[in-house]
Amino acid sequence: MIEVDLIIKNADELLTLSPFFKDESRLGIIRNGAVAIKEGRIFWIGRAEELSERFTLGRGGQEIDAKGKTVMPGLIDAHTHLIFAGSRENEFEQRIQGLSYLEIADRGGGILSTVEATRKASFDELFSLGKKRLDRMLSKGVTTLEAKSGYGLSLEDELKILQVMKALQNNHPVEIVSTFLGAHTVPREFREARDRYIKLLAEEMIPRVAQEKLAEFCDVFCEEKAFTLEESKEILETGKRYGLKPKIHADQLSPGGGAELAAEVGASSADHLEYVSREGIKKMAEKGVTAVLLPGASFFLSTKKYPPAREMVEEGVSISLATDLNPGSSMTESLPLMMTMGCTMFKMTPREVIQGTTIHAARSMGREKEIGSLEIGKQADVLLLDIPNYRYFPYHFGVDHVEVVIKKGKVVCRRSEVHAP
Ligand SMILES: [Zn+2]
């Protein structure tokens with residue numbers, strides 16, 4: 001008998017997302033499934049019947065009965081703007097009343113208002129705001145997320161944001177993959193001298209971020225009113241020279257060749273893609289660029305233009321779904337809600353939205369060997385869901401199905417109990 005630390009058994013459906021377990025769902029489902037976890041990693045996985053004669057719990061070990069429930073890998077949110085101060089509920093209301101983006105900006109709203117609030121906020125304030133958001137995400141089943149800077153837009157303020165992420169990473173079970181997004185927009189003080197801002201990005205900010213090892217990726221908002229194709233390319237190539245892997249906010253508001261650029265620079269992902277061209281999709285498929293789609297932004301801004309997810313699937317692009325958590329266009333920490341929207345708005349299937357928030361999301365941040373599926377040797381990031389089967393997850397929406405969250409083999413969240421008389 002081998003001693004292990006944690007056993008989960010009797011799961012009605014155990015979604016491995018592993019190609020080793022072939023079944024018609026293509027999610028690698030094991031019925032009456034079991035997982036044995038040792039030292040933070042998946043030690044064994046298979047049918048519950050085979051478990052009892054092989055494993056026993058070590059001292060302080062724990063067993064979880066998953067009868068009637070579904071077990072799957074921890075969710076991965078591949079695109080968030082986790083660290084910001086202030087909020088923009090006024091803007092939300094103005095938009096409902098029909099004000100345009102420009103009118104809202106004229107009244108002091110928009111992204112620059114968040115930059116102003118974030119610059120004013122202290123390290124500690126940003127840390128506690130970030131921690132609250134991570135707690136909410138964890139309770140929704142998220143065990144890893146990608147987080148972008150981009151509300152500082154000065155050397156000092158961008159470093160502050162990235163340092164907050166690093167501190168959170170060391171003090172919270174949710175794992176953070178950091179991205180430098182100094183090219184989010186041109187800050188107010190450089191409005192008349194955008195060349196100087198790009199120079200600042202390339203010559204001071206990127207080298208410093210890389211030197212202090214504060215980010216793994218470099219992202220650019222490639223869009224008519226943000227950064228042009230040429231500027232985006234220059235910034236991403238500079239990032240690459242300093243070891244930061246490229247990502248792009250591409251083709252969100254207009255067809256701008258962002259997807260093509262993502263393929264050209266070898267980006268890990270191209271995100272948004274509402275206006276992606278057919279050519280762009282083909283090139284992404286060719287170069288293995290993951291599409292990160294953000295239904296929360298389409299939903300929150302009430303835009304009718306959706307990314308052509310079916311076309312991407314047909315061309316062989318791997319699709320991930322993310323919250324895009326940010327105060328302007330997608331104020332939510334709920335990745336499960338994005339799964340439902342991926343189904344209803346983008347016509348993705350329940351299988352595809354589950355892949356999009358696990359293994360494909362892991363791939364979009366270069367973590368597919370470590371997380372995103374339940375396989376022997378991988379990190380033990382596991383969810384226990386109070387649902388009878390996987391289709392139920394996006395189907396019953398707007399409520400919490402997560403019962404237990406396990407990160408690196410440890411139970412880090414249990415559903416809070418209702419104390420009704
Ligand atoms: Zn974004």
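**The sheet and the zinc site**

Guide: Val292 in β12 has Asp271 opposite it. The model is predicted, so local features need pLDDT of at least 70 and side-chain atom pairs pLDDT 80 or more, while totals for chains, interfaces and linings use all residues. Residues are numbered from 1 along each chain as its sequence is written, and side-chain values use heavy atoms, leaving out hydrogens and water.

Strand β11 (residues 269–272) runs parallel to β12 (residues 290–293), and three bridges join them. Strands are DSSP runs of E, at least two residues, and helices runs of H or I, at least four, numbered from the N terminus. The open sheet has eight strands in parallel pairing (at least two DSSP bridges), ordered β6-β7-β8-β9-β10-β11-β12-β13. At its edges, β6 (75–80) and β13 (319–321) each pair on one side only.

Helix α7 (residues 229–241) packs on the sheet and touches (heavy atoms within 4.5 Å) β8, β9 (217–222) and β10 (245–250). The direction of α7 makes about 175° with that of β9 (lines fitted to C-alpha atoms, for helices over the stretch in contact; N-to-C directions, 0 to 180 degrees).

The zinc ion has the protein donors His79 (NE2), His81 (NE2), His249 (NE2) and Asp324 (OD), at 2.1 to 2.6 Å. Donors are N, O and S atoms within 2.8 Å of the metal (3.2 Å for Na, K and Ca); water is not among the atoms, so sites may look incomplete. The donor spacing in sequence is H-x1-H-x167-H-x74-D. His81, in the loop between β6 and α1 (89–96), and His249, in strand β10, are 168 residues apart and link distant parts of the chain. His81 counts as buried because its relative accessible area is 2% (buried is under 20%, exposed over 50%, partly exposed in between; 1.4 Å probe, protein chains only). His249, at 3%, is also buried.
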